[in-house]
Amino acid sequence: MAWFRKDRKVRQPRRERLEIPPDTWEKCEACGHTDIRDRFQRNLNVCPVCDYHRRLRASEYTAALIDENTAEEIEADLRSVDPLSFPEYPQRLRKALTNAGDADAILTVTGRLEGLPVGLGVMDFAFMGGSMGSVVGEKIARLGERCIEKKYALILLSASGGARMQEGVLSLMQMAKTSAVLSQLAERRLPYISVLTNPTTGGVSASYAMLGDAILAEPGAVIGFAGPRVIKQTIGQDLPEGFQTAEFLLEHGMLDSVVHRKQLKSTLGQLLRHMMGRPALATAVAG
Amino acid sequence: MAASATLEFEKPIAELERQIDELKRTAGDQSLDVGDDLAPLERRLAELRSEIYRNLTPLQRVQVARNGKRPFTGDYLRLVFTDFIELHGDRAFREDAAIMGGWARFDGDTVMVIGHQRGRDTKENIKRNFGMPHPEGYRKALRLMKLAEKFQVPVLTFIDTPGAWAGLGAEERGQSEAIARNLFEMSQLKVPIIATVIGEGGSGGALALGVADRVLMLENSVYSVITVEGCAAILWKDGKSPEMRERAADALKITAPDLLRLKVVDEVVPEPVGGAHANHEAAASALHDALAKHLDDLRGTRPERLIRRRREKFLRMGAFTG
C-alpha cells in the first residue's frame, strides 16, 4: 500500500464513543488481556487467555454452584455491631454495607448442588477483606446447625485475610466457634467440604478452611497462616517462587485437589455423592 | 525484646528497692540498728507497688505479661504440681520446645499439663523460639491431649505466646491445619480442659491451647487477636512508637477485666501486688486455688455433658444484631 494514497480514516464522532458504558471492557490483572466484560463473566471471571482466577462476588459463586431456583438465603438479617467501640469501625462498616452489600463478609444459603441438598457459605472479599467477625462466625454456626437439623452437606468457600481486628478477641473466638460446629457435623457423619480461593489466610485458614473432609483450592490462590509480608519480615529474606500458592499446598500435602472454577461444581457433586452414599451420575458411569 | 530489663514504670520501685538494700548493707557493715529508718521505706515500697499496679494502662499490662521475670509454664510446673515427667515430640517431624507438656500431679491426682514455654535468656529463648510454636508443637500438644483422654485425666493448659511462628517451615508443614485441628479436637475431647492465660495470649497460636471448659486469665495477662504492634502497624502504619502502641492496646480490649466483660474468660486470677514476677510463690498459690476450684466443679461431669457445654460456651461468643 502506497503511503501517498492512504485514505483519510473516517473518525467516529466523539459523542458516540462516550456512549459506550465504561464497564464494557475488563482487563486481566495477571496477563493484561483485555476483553469485553461479558466474555469474562461467561467464563466465571476466569481470564480466557491465561486462566487467572479473578475474584468473584459471593452471589456470583452461589449462582455458579447452586442449581437454578433452589438457593435460599438464610440469616440475612445478621449485622455487625461495634462491641469494643473500636476507632473508625462504625464508619468502615457503613462503607462496606454501602459498597459490598448486606451479607457482611459471608453469604449463607441452602439449596441444591447437582440435586444434592447442601448448606453453602461463600465469603465475600469485597466486604472488609472478607474478614471474620462475629457475624461471619454466627452465620457459619447457624448454617452448620441448619445442616445438622436437615441432614445437609456443608460447603464453605473461603476468601479472607483472617480475623476482623476491629472486633478484637471476639473475632478470635469465632475460630473456636466455627470449629465447634464442624465437630458436631463430623459427629453426625455429615460431609463438610472446604473450598479455598484467593486469598485464604490468618484466622480463617487456621480454623474451618483447613478442616474439610475434602479441601479444594482454586488455581493460584494464596493460602497460608501468616501473610507473605509478615513471613518476609520475620525471616528477613525473599520468599521462594510460588510459596503459599494452592499448587504449593497441594505439593506439601495440605490439599486434596486444585480445581479449575469451571469444574468446581461437578467436583463438589462427585465428592458429596461418594460421602453421602449416592449413586454416581450416569455420565460418570458410562465414562 | 528486652523482656527481662526493668520495666519503665517500675523504675521508681527498683530505685526504692536499691535504697533499702543499700541501707541494709551499710547497717550490716557497721552493725547499726536501722529498723526505724527501714520501716517507713518498706512501707513506702509496698504503697508504691500497689499504687503503680492499681493504675496500669493496657500497654503496661502487655509489658508485664511479656516480662521475662514472670513465671512461665515450667515455673508453675515446679510450684503448683509434683511428679512431673515431660513428654516430647509429635511422632511425625520433631520436638518443639516452644510447647512443654507431660504428666504431673495436682494435689496428688494425675493431670496432663501442656503450655507454651518461653526462655529467660537468649540461649533458652532460641531453643524455645520465644514461645512461638511450629506446627509440630501444636501436634505434640494434641497428642498429649489424646493421651489424657485415653487415660481419662483432665488437661490443664497454660497460654503464654506472642503467637504461632510465621516462617517458611511452619507454613510448609501446615501451621494453619495444626491450629485448626486443635480447635476441632478440643471441641470434642472427652475429659475436662482448663486453660489459663499466664502471660501473653497471642492470637490463633494461643487459642490452639485455649478451647476449654473453663478459661482463666491471670490478672496482668493479655489475650488478643493481634499484637498491639501488628494492630498499630496496620491501622496507623506505625507499630513502633509508644503512642500508637498505646492506642492499639486501648482499642483492642485485651486485659483480663476486658475479657471477663466480653464473657471470653470465666475468671480472673489475682496476682500478688507488683505482679506475678514480684512473687512467684504467691502467684502460683493463687493459680493453684483457682485450678483446684474449677477442677472440683468439673469432676464427675459426664463426657457428653462436658462436650455439649464446652461447645455451647464457644457458640455463644460474639456480638451482633438481627
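Helices here are DSSP runs of H or I with at least four residues, and strands are DSSP runs of E with at least two. Counted that way, chain A has 11 helices and 11 strands. This is a predicted model, so read the points below as a description of that prediction.

**Chain A overall**

- The C-alpha trace of chain A spans about 80 × 60 × 45 Å along its principal axes.
- Chain A has 287 residues, and buried ones make up 51% of them.
- Among contacts in chain A with a separation of 6 or more, 68% are between residues 24 or more positions apart.

- Chain B is split into domain 1, covering 8–55, and domain 2, covering 62–316.
- Taken over C-alpha atoms, the centres of these two domains of chain B are 35 Å apart.
- At the interface, 6 residues of domain 1 of chain B are in contact with 9 residues of domain 2 of chain B.
- The two domains of chain B bury about 510 Å² between them, and carbon and sulfur atoms give 65% of that area.
- On the domain 1 side, B:Phe9, B:Arg49 and B:Tyr53 are the ones to look at: they supply 78% of the area that domain 1 of chain B buries against domain 2, more than any other three residues.
- The residues of domain 1 of chain B that touch domain 2 divide into 3 nonpolar, 1 polar and 2 charged.

**A closer look at B:Ser221**

- You will find B:Ser221 in the loop between β6 (214–218) and β7 (222–224) of chain B.
- Is B:Ser221 buried or exposed? B:Ser221 counts as buried because its relative accessibility is 0%, and the cut-off for buried is under 20%.
- A polar atom of the B:Ser221 side chain lies 2.7 Å from the backbone oxygen of B:Leu218.
- The side chain of B:Ser221 also reaches the backbone oxygen of B:Val197, at 3.3 Å.
- Which residues does B:Ser221 contact, leaving aside its neighbours within four places in sequence? They are B:Ala65, B:Arg70, B:Val197, B:Ile198, B:Gly199, B:Ile254, B:Thr255, B:Ala256 and B:Glu271.

Terms used: Residues numbered from 1 in each chain as written. Chains lettered and ligands numbered in written order. Predicted model: local features only at pLDDT ≥ 70, side-chain atom pairs only at ≥ 80, totals over all residues. Heavy atoms only, no water. Domains from an automatic or database assignment. Contact = heavy atoms within 4.5 Å. Buried area = accessible area lost by both parts, 1.4 Å probe. Nonpolar A, V, L, I, M, F, W, Y, C, P; charged D, E, K, R; others polar. Buried < 20%, exposed > 50% of the residue type's maximum accessible area, 1.4 Å probe, protein only. Polar contact = N/O pair within 3.5 Å; in protein donor to acceptor, adjacent residues only side chain to side chain.
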